[in-house]
Amino acid sequence: VTIGPLLTLLLVLALAPAIPGIATRTRALLTGRRGAPVLQLYRDLAKLARKNVVYSRTSTPVFRLGPVLVVATTLMAAVLLPLDGHTALLSFSGDLVAFTGLLGLGRFALVLAGLDTGSSFEGMGASREVTVSAFAEPALFLCFTVLVLASGEVSLAGMLGERLAAVWPVAAPSLVLAAAALFMLALAETSRVPVDDPATHLELTMIHEVIVLDHSGPELALILFGNALKLALFGALVVSVLVPRGLLSPWLAVLVLVAGLAVVAAAVGIVEASMARLRMNRVPQFLVAASALAVFGVILLLR
Amino acid sequence: VIALLLAVGLILTGAGAALALRRYPRLADRSYAGLLLSGCTLGVARSIMVLRGGPAVMVTLPGSLPGGAWMFGLDPLSAWFVVLVLGVGACAAVFGLGYMAPEREHRFVGGAHALLALLLVALVGVVTAQAMVPFLAAWEVMALSAYLLVMFEYQRADVRRAGLIYIVLTHLSTLALIGMFAALAANSGGHSFAELGQGNQAPGTARTLALTLALVGFGIKAGAVPVHFWLPGAHAAAPSHVSAVLSGVMLKVGIYGLLRILSLVGGAPAWLGWTLFGVGLGSGILGVLWALAQHELKRLLAYHSVENIGIILLGLGVGTLGMTYHRPGVAVLGFSGALLHSLNHALFKSLLFLGAGSALRATGTGIIDELGGLARQLPWTAVAFGVGSVAIVGLPPLNGFVSEWVVFRALFAAGPSPEPLRFAVIGVAGLGLIGALALACFSKLDGMVFLGSRRVHESSSLPAHDPAASMLVPMLVLAGACIAIGVLPGLVLEPARAIAISVTHATETEVSAYGTASGDAARISTLGLGLFALSGALLLLRRSAGGLAAPRRAPTWGCAAATATSRMQYTASSYAAPLLAAFGPVAGVREHREANAYRSHPADPVQDDAVLPAWRSLKRWSDRLRGIQGGRLRWYLLSVVFTLLALLYYLANARRMP
């Protein structure tokens with residue numbers, strides 16, 4: 001284990017709460033409002049960490065385990081990504097299956113924590129969350145297939161590292177398609193417009209927000225941080241695919257990552273400013289479109 | 001050899017004890033459990049010796065039995081499945097003692113125990129037989145003892161119906177296998193597996209026919225779509241610990257059979273590989289989709305067996321394609337994925353069935369929408385069931401992840417191969433979809449059964465509690481195995497890989513480019529332990545946060561609604577509805593809308609839309625022939641005369657031919 005990937009990981013952890021802030025601020029500016037400060041989420045987290053918690057009388061330890069697992073799994077998933085563009089803290093062949101599996105475990109824990117309250121609102125949110133993810137997962141695997149076929153490597157560190165930079169000129173069309181699909185997935189996985197609207201205030205139209213309705217205090221802080229970190233990870237995937245950093249020096253690679261994350265965050269904000277959320281039954285079509293982009297990428301490489 | 005025969009002897013003695021000591025139930029239970037457990041332990045220990053590189057054994061039963069020499073053997077492939085049969089079988093049998101105890105007053109429980117022991121012995125016979133006739137004999141004993149166990153509650157009409165469909169389908173499977181052996185025997189000099197294999201190394205009509213029949217026969221037994229429809233009914237009708245053996249173990253003899261036949265004929269044509277691949281994907285996706293639509297606990301679990309058989313067949317398909325297109329690395333990954341998932345599915349599916357049985361005994365109902373909140377009343381069952389759920393969804397750090405990871409690697413390894421093998425890489429999207437749908441299904445099951453609160457009217461919810469230790473311990477042992485394999489995958493990866501290499505007849509150097517699995521196993525352990533450590537650290541850290549010192553208790557937030565009742569909770573049907581709606585008619589949900597009522601119930605599209613209509617029209621057509629059987633003697637005599645004449649004419653012509 002070298003110090004480089006570890007430092008980059010700590011940097012990403014520190015910067016993650018700024019990403020939703022940038023997205024929300026961009027959205028506000030584009031729609032003619034001033035909006036909350038970029039660093040608002042840091043203040044929210046600090047405030048929530050000090051607050052008291054309220055537990056539902058129907059809930060069991062499953063409810064308390066949910067937020068912990070959300071953060072733990074997202075952190076372990078981050079360990080598998082080559083954030084500095086070269087190596088990951090932990091890497092083995094087929095670790096991309098572990099990456100999706102860890103995110104899946106986090107989702108499983110969150111959904112069960114929601115169902116633990118016995119609230120019909122949270123049941124509804126849980127049902128929508130698993131529906132969205134059922135369509136998002138194949139698309140994510142297809143994006144990874146593009147990367148595997150392009151680079152010939154089956155580990156995240158391998159397929160996003162130096163090999164990718166070498167094959168980029170040849171496989172560019174497929175990789176751009178995969179990056180576009182990954183960006184759409186980032187919106188779906190972290191509950192942004194057009195799949196979900198983090199700013200909505202009606203429980204009946206929520207997905208992610210309604211699952212965590214009963215969470216409060218430090219536990220809500222964990223969930224908010226986990227979601228911001230997940231957005232950072234998907235942003236890092238998009239940046240790594242679009243800007244192969246395998247041949248850059250580590251410092252430059254990290255600088256590119258930070259700038260790239262800011263750009264992805266701004267792009268999320270632009271999408272949120274320019275369109276409304278989709279009707280619930282349209283969401284699967286949005287994700288099938290993401291899969292279709294990735295399938296085209298695969299076909300171009302299988303030719 | 002002695003150890004294995006002794007193990008079988010002990011298990012059979014246990015069966016005898018359960019039967020003979022009918023008058024003394026406590027003594028019968030104790031001697032049955034003791035004998036069976038020691039037999040299973042002995043068999044598992046002997047098989048593990050073979051798996052760790054000990055010499056394979058072969059025994060020929062003495063005396064002159066029909067159908068050539070009765071040979072049984074324990075090579076690594078057989079040993080793998082013997083571990084699975086006896087390991088899971090022992091847990092299920094012990095659980096069965098407590099589970100069946102309340103039935104003792106009105107049914108012959110000792111008979112059911114003895115039949116389960118017989119079923120286990122027959123299963124061991126099937127996976128160790130090394131010749132045609134003993135294989136078929138053991139196969140038939142297995143099929144019939146399973147039938148009698150399914151029919152345990154024969155007074156119920158739905159049980160009888162499920163039993164009928166099962167016995168018809170299992171005999172179709174036997175018929176196909178007899179045909180398969182006949183086709184294989186046409187080219188060979190003897191009836192032992194080795195001779196059958198030697199005679200069929202080259203492609204030919206007989207070999208093609210044999211492989212087709214093997215696909216049908218073993219496919220029915222494994223429960224692959226479209227011949228899966230016997231499975232949900234039979235597995236839901238049987239007592240829960242028997243369902244655990246049927247779902248966890250008996251389906252796997254279909255997988256064993258396919259692996260054995262592939263290994264014997266030393267390769268397969270491309271169509272077989274692609275068929276297995278397609279059937280695997282289809283069974284996986286449709287199985288989990290139909291599971292999602294189920295309203296009944298055990299039927300839902302049974303459909304998940306169809307899904308997991310799909311994942312196993314996907315691995316088998318990729319492995320077969322790897323053999324066909326001379327990619328031993330892909331073949332070994334595919335076959336080891338299939339073997340590992342067979343073992344893992346046996347562990348977590350039997351765990352889930354035992355957990356379902358314990359919930360069933362505690363509450364008296366298996367309808368998901370009538371349950372809820374059981375985690376507070378049955379905490380240990382909930383923990384065990386939760387471990388099984390995470391495992392079956394294929395999430396790290398449990399065993400389901402390990403085997404799905406290997407199947408994924410096989411699919412990804414197919415990617416850089418030449419055409420047409422590289423197209424198999426598309427299977428990763430299907431496997432990803434299966435995983436996500438399984439997550440939806442088990443979040444529904446865990447959430448609706450164990451979390452929230454009871455959904456039926458308060459007065460009808462009786463106090464429920466965890467079962468006795470004799471039922472809890474088998475569940476916890478299985479859950480422990482799921483965790484152990486997930487955190488220390490090195491335990492199983494190497495043996496599975498060695499068997500896969502022997503099945504493909506590859507050499508170590510040919511597959512070394514794909515890694516030796518031990519380095520990866522260590523990293524998966526790191527990942528699992530890291531996850532546990534991180535969660536533990538966060539839990540401790542959480543304690544230091546100020547607000548958690550004195551948590552407040554309040555009713556669930558009702559979004560400004562006054563009082564929430566347990567009937568206002570989300571139901572399992574509405575939970576699954578958006579996902580099922582997205583798949584349309586494939587999901588098989590039947591809806592009934594009236595002016596003031598709405599009901600939905602799951603149907604099996606294959607059984608209810610294809611097989612049963614076809615069966616009814618066949619019956620209608622054959623009814624027209626009934627006129628012949630009018631009870632008049634002269635018509636009978638006339639038909640006998642005509643038949644004789646036709647036969648004589650045929651014989652006369654046949655004689656004339658050279």
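## Surface of chain A

Accessible areas come from the Shrake-Rupley method with a 1.4 Å probe. In this predicted model, chain A exposes about 10200 Å², and carbon and sulfur atoms supply 70% of that area. Of the 303 residues in chain A, 65% are buried.

## Fold and dimensions of chain A

Chain A contains 12 helices and one strand. Along the sequence, the elements follow the pattern α-α-α-β-α-α-α-α-α-α-α-α-α.

The C-alpha trace of chain A spans about 55 × 40 × 40 Å along its principal axes. A compact globule of 303 residues would have a radius of gyration near 19 Å, and the 19 Å of chain A agrees with this. Among contacts in chain A with a separation of 6 or more, 80% join residues 24 or more positions apart.

## The largest nonpolar core

The largest nonpolar core holds 330 residues. Those that touch the most other members are Phe99(A), Trp80(B), Leu119(B), Leu123(B), Phe135(B) and Trp230(B). Helix 6 of chain A, residues 120-151, gives the most to this core, with 19 residues.

Leaving aside residues up to four places away in sequence, Phe135(B) touches several residues, including Phe181(B), Phe193(B), Phe218(B) and Tyr256(B).

## Cysteines

A disulfide is a covalent bond between the sulfur atoms of two cysteines. The whole structure has zero disulfides over all chains. For Cys91(B), the nearest cysteine sulfur belongs to Cys40(B), 9.0 Å away. Cys91(B) counts as buried because its relative accessibility is 11%, under the 20% limit.

Technical notes:
Residues are numbered from 1 along each chain as its sequence is written. Chains are lettered from A and ligands numbered from 1 in the order in which they are written. This is a predicted model: local features need pLDDT of at least 70, side-chain atom pairs count only at pLDDT 80 or more; totals for chains, interfaces and linings use all residues. Side-chain values use heavy atoms; hydrogens and water are left out. A disulfide is a pair of cysteine sulfur atoms within 2.5 Å. Buried means under 20% relative accessible area, exposed over 50%, partly exposed in between (1.4 Å probe, protein chains only). A nonpolar core is a set of buried Ala, Val, Leu, Ile, Met, Phe, Trp, Tyr and Cys residues joined through side-chain atoms within 4.5 Å. Helices (H or I, at least four residues) and strands (E, at least two) are DSSP runs, numbered from the N terminus. Contact means heavy atoms within 4.5 Å. The radius of gyration is taken over C-alpha atoms; the globule rule is 2.2 Å times the number of residues to the power 0.38.
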